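Q: Can you walk me through this one? I have the picture open and some quick questions.

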Amino acid sequence: MKKFEKNGNILNYLSIISQLIIVLVDIESGKNNFFTQGKRDELTKKGKGIIEDILNGSNFIENKVFKKGYSPQSITMFNYGIKSLESETKIDKKEKSYTDIFNFLSDKMSDVCSNKSNTNDINLLIDFFKSLKNILSVNYNSQRDPVDVDIKSKIEHIFVYN
């Protein structure tokens, strides 16, 4: 996959995850945010899709039986999913395979999609998606072309200091 395609995919995931976090916070607090109003169902389904991508990679890597085929993207997302679990999440990882953990998260996201979730589950998903967003952001920033970063800093300098 070419560098700009990979960065585009990461940006797409970052955008969806950012919006999803807002939706999950809204659901947890019982509020509606104008930014996500009318897109709640679509975004929760996309969040479930992200977890399913990770789960497909997990099933492949851990040699588990799975329904859907894997893709290089699902293996990459599995890697990001592991990194997000290994960072400061509240998810209990003791004596469980990654596939079991991602199945658990998928079930919790299904509950959110069908309005059957509770506050603890939503907070767990918020925690996971924040961690995943941070991992993706770090990866995106590390892969950016130094020329792009230099141009951005020059543009910021023009607007901030002039």
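A: Start with a word we need: buried means under 20% relative accessible area. Also, this is a predicted model.

Q: OK, is Phe 102 buried or exposed, and why?
A: Phe 102 has a relative accessible area of 0%. That is under the 20% cut-off, so Phe 102 counts as buried.

Q: Which ring does Phe 102 pair with?
A: The ring of Phe 78. Their centres are 6.2 Å apart.

Q: Why is that pair called edge-to-face?
A: Planes over 60 degrees apart count as edge-to-face. The planes of Phe 78 and Phe 102 are at 75 degrees, so the pair gets that label.

Q: Where do the two sit in the chain?
A: Phe 78 is in helix H3, residues 72–86. Phe 102 is in helix H4.

Q: Which residues make up the aromatic cluster?
A: Phe 78, Tyr 98, Phe 102, Phe 128 and Phe 129 form one cluster.

Q: Switching to helices. How do H4 and H5 pack?
A: H4 covers residues 98–113 and H5 covers residues 119–143. They pack at an angle of about 120 degrees. Their axes are 10 Å apart.

Q: What do you call that arrangement, and why?
A: Roughly perpendicular covers 65 to 115 degrees, and roughly antiparallel starts over 145. About 120 degrees falls between those ranges, so H4 and H5 are oblique to each other.

Q: Is the crossing left-handed or right-handed?
A: The crossing of H4 and H5 is left-handed.

Q: Which residues meet there?
A: From H4, they include Phe 102, Leu 105 and Met 109. From H5, they include Ile 122, Leu 125 and Phe 128.

Q: Last topic: Pro 72. Where is it, and is it buried or exposed?
A: Pro 72 is in helix H3. Its relative accessible area is 63%, so Pro 72 is exposed.

Q: How far is Pro 72 from Gly 57?
A: In sequence, 15 residues. In space, 8.1 Å from C-alpha to C-alpha.

Notes: Residues are numbered from 1 along each chain as its sequence is written. This is a predicted model: local features need pLDDT of at least 70, side-chain atom pairs count only at pLDDT 80 or more; totals for chains, interfaces and linings use all residues. Side-chain values use heavy atoms; hydrogens and water are left out. Axes are lines fitted to C-alpha atoms, for helices over the stretch in contact, and angles run from 0 to 180 degrees between N-to-C directions. Helices (H or I, at least four residues) and strands (E, at least two) are DSSP runs, numbered from the N terminus. Angles under 35 degrees count as roughly parallel, over 145 as roughly antiparallel, 65 to 115 as roughly perpendicular and the rest as oblique. A crossing is left-handed if the near helix is turned anticlockwise from the far one by less than a right angle, and right-handed if clockwise. Contact means heavy atoms within 4.5 Å. Rings of Phe, Tyr and Trp (its six-membered ring) pair if their centres lie within 6.5 Å; planes under 30 degrees apart count as stacked, over 60 as edge-to-face and the rest as tilted. Buried means under 20% relative accessible area, exposed over 50%, partly exposed in between (1.4 Å probe, protein chains only).
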